[in-house]
Amino acid sequence: MGALVLFVGGSALAADMLAASPPPLDQEHCKAAISTPTFGGLIKANPNPACIVTGLGDIYVGGAVTGFAYTQTNAFGILSPSAEQDRFGRVDFSNLQGWIQKADGPLQFYVHAGLYSFPSLGLPLYSAFEQTESLFGPIPVAFGKWQINDEWSIQAGRMVTNIGSELLFTYQNLNISRGLLFNQENFINHGVQVNYANGPFAAALAVTDGLYSGELNWVTGFATYKLNDANTIGINGGTHFSDFDASTRSPRFQFATINSLQNSSIISVNYTYANGPWIISPYFQYTNVARKEGYFSPIEGAETWGGTLLAGYTFTDNFALAGRLEYIEQSGTRGVVTGRGGTSVLYGPGSSAFSFTITPTFTWDRYFLRGEFATVQAYDVTPGFGFGRDGTKRSQERYLVETGFTF
């Protein structure tokens, strides 16, 4: 198609850690390289995260407190699981999160908790409270890890997906809103994952529950190779190896586990150039929804093809500009929709869409302020699957401002 601090229930855990016997005085502490959560944009990870020395090891704590305001045209008529309506404007939290982790030694863990909002182009945008409740709950990420040696590790639990080139939370990315290709991916998985890293090469393979279904019926993975200090290439993807019918479950369940995408396959190839003031990252993505006659309605499957160009340029220590261009199209015959033989994973069979996003960003140490303009133009829209309250509009513009800090 995916970060939070454990403040709820975290105080007791921290107290237990502090009460533990201290490690030997000659041991070097709080020197681990912190790579989780990943920051892939103009907002950078805290170079000096808070660290607590305990008998269990060094425990690192961080978080993000951010809010945003937006206005948009042609709000959708699709209701959330709690009957919340997509609005033409809102002021809300985008992240109210913290994380706690042990990042060195053979046994490690990571827990991420709090509120979150995933503003994505071309989709309804509900409140952070509604998204948190209806998607992955207040602890979206929590996993344990066994670092076998310098090259191999195994982790299990609730993890961010291996799929895609854009990351999950707003502060991790060049733009505030995720793009159209991101909407075809999964966000968070339950599962088990094996990791390997050696020099410029890194890879992972996981057995997961796909779009958060609770049933282990997906395999996902990625591989990256760092050509040199500035250039990296990669491939990632996943596929289901058994069917799952989410249509028999509640609307709240289906909010995260989208039935057609749960029974799909996806592959993405990417390239990243990061050197001096520039970040340039194009990627191309293909998805295939399985044809399932007599199974969750459609007798025809669907395919999508798309490409995205992400770019950012840093002008000064405090100001940078980011942008995104993308195009995606779906197979099928326009007007042949779900219930009559077709599957819609875009704006109806045979539809396509283009988006443009620009995001000026100001940063001061851990604080940031950024604005954004984004537009989506859809083509060959099937009535009822487009923008607007009646699903007939073919475009949407969105203006956003986000501010806050990470720590």
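Colleague: Is the disulfide of Cys-30 and Cys-51 left-handed or right-handed?

Modeller: The torsion about the S-S bond of Cys-30 and Cys-51 is about -80°, so this disulfide is left-handed. Before we go on, this is a predicted model, where local features need pLDDT of at least 70 and side-chain atom pairs count only at pLDDT 80 or more, while totals for chains, interfaces and linings use all residues. Residues are numbered from 1 along each chain as its sequence is written, and side-chain values use heavy atoms, with hydrogens and water left out.

Colleague: Thanks! What is a disulfide, and how many are there?

Modeller: A disulfide is a covalent bond between the sulfur atoms of two cysteines. Here a pair of cysteine sulfur atoms within 2.5 Å is counted as one, and the count comes to one disulfide. The sulfur atoms of Cys-30 and Cys-51 are 2.0 Å apart.

Colleague: Where do those two cysteines sit?

Modeller: Cys-30 is in the loop between α1 (10-19) and β1 (50-54), and Cys-51 is in strand β1, so the pair ties together parts that are 21 residues apart in sequence. Those labels come from DSSP runs, numbered from the N terminus: helices are H or I with at least four residues, strands are E with at least two.

Colleague: And is Cys-30 buried or partly exposed?

Modeller: Cys-30 is partly exposed, with a relative accessible area of 29%. Cys-51 counts as partly exposed too, at 26% relative accessibility. Buried means under 20% relative accessible area, exposed means over 50%, and partly exposed is in between (1.4 Å probe, protein chains only).

Colleague: New topic: the strands. Which strands does β12 pair with?

Modeller: Strand β11 (residues 264-275) is joined to β12 by ten bridges, and the two run antiparallel. β12 also pairs with strand β13 (residues 302-314) in the antiparallel sense, over twelve bridges. Two strands pair if DSSP finds at least two bridges between them. To find your place, look for Tyr-273 opposite Ile-280 in β12, and Ser-281 opposite Leu-310 in β13.

Colleague: How many residues lie between β11 and β12?

Modeller: Two residues lie between β11 and β12, which form a hairpin. Gly-276 in the turn has a positive phi of about 60°.

Colleague: Which way do the side chains of β12 point?

Modeller: They alternate along residues 278-289. One face has buried side chains, including Ile-279, Tyr-283 and Val-289.

Colleague: What about β9 and β10?

Modeller: Strand β9 (residues 218-226) and strand β10 (residues 231-240) pair in the antiparallel sense over nine bridges. They form a hairpin with four residues between them, and Phe-222 stands opposite Asn-236 in β10. β10 also pairs with β11, antiparallel, over nine bridges.

Colleague: How many residues are in the largest nonpolar core?

Modeller: It has 21 residues, and Phe-118, Phe-136 and Leu-168 are among those with the most contacts inside it. A nonpolar core here is a set of buried Ala, Val, Leu, Ile, Met, Phe, Trp, Tyr and Cys residues joined through side-chain atoms within 4.5 Å. A second, separate core of 20 residues includes Leu-121 and Tyr-347.

Colleague: Last one: is Gly-386 buried or exposed?

Modeller: Gly-386 counts as buried, at 3% relative accessibility. Gly-386 lies in the loop between β16 (367-379) and β17 (395-406). The C-alpha atoms of Gly-386 and Tyr-347 are separated by 5.5 Å, although these residues are 39 residues apart along the chain.
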